[in-house]
Amino acid sequence: MRRSIARAVTGALGLVSAAAAALAAPGVASADRVIVGGEPVEVADTPWVVALSSRDRFGGMRAGQFCGGVVVAPTKVLTAAHCLGPEVLGGAPEDVSDLAVIAGRTELTDKGGREIRVAETWINPAYRPATNAGDLAVLTLSSPLPESYVLATAGPGDSAYAPGTIATVYGWGDTTGNGTYATSLRAARVQVLEDAACERAYPGNTSGDYQPATMLCAGDPAGGRDACQGDSGGPLVARGRLVGLVSWGSGCAEAENPGVYTRISAVLPDPLPQTVSRG
């Protein structure tokens, strides 16, 4: 599945693992995970799904896409904190002059939709790179998106978090687990799993440390469907609400290694922050 941008590197981070290797090769889009076992979808039907982009950092082949994100307010996009780390961006996010969000575009190689500059970034101060706990960042856009692009978020105790709930994960990531990146948006249906499933898979050893307080476990019990490299920061949606962000995992679409997502209800600040001006 994914390893965060660091997971592939350290075994504990998340979906951006593949991105780390691509960092050394400008022009190769990299970052997180991709949707394995999914199907093509249209952004017109899911306008809240966006791509994070930096052509300077990742090249223009896939419009500079390196992670995913989700619109939760006209000028606010949520993504994974590890997507903005130095292992991915090569420095602080405010130093990436062309950091942008691509909205309203299904096919990355097309010219449709909008590319909106990121004006401000906020990384959860409780985020811990070593474990990916609290893996959340907030991007403030330089111009607003329509209200119709906004996706509601699930709060504490929401029924969408119940084990067995069917959820959908979205992204432009690896579709095979072997570096075959999509240029068109894809989605895969998974289900919310008992925390015990991820605690067994990631008991705190080199495979990772699942922490249910800020993490959510989801996947296909039989394997075959999952997020993967390049999908980090993308949304996990259940019952019409955002419940998680692609964060980390071991491998892609393996039955014994479910995907680990940031638990939105546990880490989303209220009100949404607005700090770290990019000038």
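Below are the stops, with what to select at each.

**Before you click**

This is a predicted model, where local features need pLDDT of at least 70, side-chain atom pairs count only at pLDDT 80 or more, and totals for chains, interfaces and linings use all residues. Residues are numbered from 1 along each chain as its sequence is written, and side-chain values use heavy atoms, with hydrogens and water left out.

**Colour by confidence**

Colour the chain by pLDDT, the predictor's confidence in each residue, from 0 to 100. The protein chain averages 84, and 83% of the residues score at least 70. Now select residues 5–34: the pLDDT there is below 50, though this stretch has 157 contacts in the model beyond near neighbours in sequence. A contact means heavy atoms within 4.5 Å. Where pLDDT is low, the predicted coordinates should not be read in detail.

**The barrel**

Switch to cartoon view. Helices (H or I, at least four residues) and strands (E, at least two) are DSSP runs, numbered from the N terminus. Two strands pair if DSSP finds at least two bridges between them. Six strands close into a barrel, in the order E2-E3-E4-E7-E6-E5, with antiparallel pairing. From one strand to the next, the twist averages 40°, taken between N-to-C directions of lines fitted to C-alpha atoms, on a scale from 0 to 180 degrees.

Select strand E3, residues 65–73: nine of its nine residues are buried. Buried means under 20% relative accessible area, exposed means over 50%, and partly exposed is in between (1.4 Å probe, protein chains only). On one side, five bridges join E3 to strand E2 (residues 49–53), running antiparallel; look for Ser53 opposite Gln65. E3 also pairs with strand E4 (residues 76–79) over three antiparallel bridges, where Val70 stands opposite Leu78. Two residues lie between E3 and E4 in this hairpin.

**Into the core**

Which residues touch the most other members of the largest nonpolar core? Select Phe66, Leu78 and Leu236, out of 63 residues in that core. Its largest share, five residues, comes from E3. A nonpolar core is a set of buried Ala, Val, Leu, Ile, Met, Phe, Trp, Tyr and Cys residues joined through side-chain atoms within 4.5 Å. Show what surrounds Leu78: not counting residues up to four places away in sequence, its contacts include Val72, Leu136, Leu242 and Leu272. A second, separate core has eleven residues, among them Ala133, Ala197, Ala201 and Val260.

Select Glu256, in the loop between strand E14 (241–248) and strand E15 (259–263). Glu256 is exposed, with a relative accessible area of 58%. Glu256 and Ala197 are 59 residues apart in sequence, yet 8.3 Å apart in space, C-alpha to C-alpha.

Most residues other than glycine have a negative phi, and most peptide bonds are trans. Ala63, in the loop between helix H3 (55–58) and E3, has a positive phi near 60°. Is Ala63 buried or exposed? Ala63 counts as buried because its relative accessibility is 2%. Arg239, in the loop between E13 and E14, has a positive phi too, near 55°, but counts as partly exposed at 47%.

Finish at Asp270 and Pro271, joined by a cis peptide bond with omega about 5°. Pro271 is in the segment after helix H6 (264–267).
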